[in-house]
There are 2 protein chains.
Amino acid sequence: MQLEELKQKFEQFLRQNGHKITRGRFEIIDKIASYGPHFEIEELVRWIANQDRSIASRSTVYRTVRLLQEFGAIREVIKLGNRTIYEFVAGKPHHEHLICVECGKIIEFYREEIEELQDKVCEDYDFTPLNHRLEVFGICSDCKGKRHENRRMELRA
Amino acid sequence: MQLEELKQKFEQFLRQNGHKITRGRFEIIDKIASYGPHFEIEELVRWIANQDRSIASRSTVYRTVRLLQEFGAIREVIKLGNRTIYEFVAGKPHHEHLICVECGKIIEFYREEIEELQDKVCEDYDFTPLNHRLEVFGICSDCKGKRHENRRMELRA
DNA sequence: CCTCCTGTTGCAAATGATATTCAGTTAGAC
DNA sequence: GTCTAACTGAATATCATTTGCAACAGGAGG
């Protein structure tokens, strides 16, 4: 299973950076993996807190998410208002997002040409890209026609 | 002058939405216009506060920026960590940004093809785009070779 | 010009996400 | 097993932003 492999690599990463291998960190990975591809930290904290035996405190979740970001297993993919939506990357190839501002649905997509064009632009400016984020906010097909119900996200981009 | 025109349109906008025409709001527009194309609100608040006669309180600046966003003269263009960088649009055509994570420089660019590709993707998913944001984080030409000095922005995207 | 109602302002306090401090607890090297 | 550095949880701090409220000011109608 891919998850096990990721955990092993993360273990290596921790060792290499003078961190310790603790049960909590790996339990948080499990939780994130079983939560779904996209999450917000507070949401995750609440979710974890509601489980039978709470596995980690809010601080530990925040700290672990940060570590996982440094490690590269997690990315901040959507910033909307004061909300930050993370994605459990876990070896998935790079992609961008369409975000429905009505229902909050997130659609992933990838277009080689867009990446290429970006690289060209960077070359033109002698700019070395490290990472990027493309967010497209709009209305998904399910929400068309039924505007103004269940507004869940703010439009402000 | 373009600024005057914008102010007139903003005046119309205010009237149409039951808001009042106050000196403060227009003074804030002047400040933003003379500040430069990109700004953060706290930065702007400090800058305004340091002027001879402070023109508006922090709350009023926040409230006015919000109004200007609704009006469409201002956009949130970069979200980095807990920072939000705004742009005074003022009729400028749409564009995207390269952000240097070393020195904070912001480069604007536009590629018709990227927009077209995005529209195509949206069509494929029957998704109606309302707005979008493309941020490319990296190292600008000036900062190449002199890494690790003057780190001003965090890499975390 | 006066009056009144409603929107606006400034300030202080509230919020919400995230970071940090500190004291007690463990991982894991020797 | 011992010891030290890293980790954890809880409470507290921080930072950007929002809100409640009392005082104030546009601007419509007289």
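Visitor: What makes strand 6 of chain A and strand 6 of chain B a pair?
Guide: Two strands pair if DSSP finds at least two bridges between them. Here 11 bridges join strand 6 of chain A to strand 6 (residues 128-139) of chain B, and the two run antiparallel. As for the names, strands are DSSP runs of E with at least two residues, helices are runs of H or I with at least four, and both are numbered from the N terminus.

Guide: Before we go on, this is a predicted model: local features need pLDDT of at least 70, side-chain atom pairs count only at pLDDT 80 or more, and totals for chains, interfaces and linings use all residues. Residues are numbered from 1 along each chain as its sequence is written, while chains are lettered from A and ligands numbered from 1 in the order in which they are written.

Visitor: Which strands make up the open sheet, and in what order?
Guide: There are six, in the order 5(A)-4(A)-6(A)-6(B)-4(B)-5(B), with mixed pairing. The parallel part includes strand 4 and strand 6 of chain A, joined by four bridges, with A:Ile99 partnered by A:Phe137. In chain B, four bridges likewise join strand 4 (residues 96-100) to strand 6, also parallel. On the antiparallel side, four bridges link strand 4 of chain A to strand 5 of chain A, and A:Glu96 has A:Phe109 as its bridge partner.

Visitor: Why is the relation between chain A and chain B called a two-fold axis?
Guide: Chain A can be laid on chain B with an RMSD of 0.1 Å by a turn of 180° and a shift of 0.0 Å along the axis; that is the relation of a two-fold axis. In chain A, A:Leu134 has the C-alpha nearest the axis, 2.2 Å from it. The superposition is by least squares on C-alpha atoms of residues with pLDDT of at least 70 in both copies.

Visitor: How many residues of chain A are in contact with chain B?
Guide: Contact is counted when C-beta atoms, placed from the backbone, lie within 7 Å. By that rule 35 residues of chain A touch 35 of chain B. Strand 6 of chain A gives the most to its side, with 12 residues.

Visitor: What puts a residue near DNA strand C, and which are closest?
Guide: The C-beta atom, placed from the backbone, has to lie within 6 Å of the strand. 22 residues surround DNA strand C, the closest being A:Ile21, B:His19, B:Gly24, B:Ser57 and B:Thr60. Helix 3 (41-49) and helix 4 (58-71) of chain A, plus helix 2 (23-35) and helix 4 (58-71) of chain B, each give two or more residues. Around DNA strand D there are also 22 residues, and A:His19, A:Gly24, A:Ser57, A:Thr60 and B:Ile21 come nearest.

Key. Contact = placed C-beta atoms within 7 Å.
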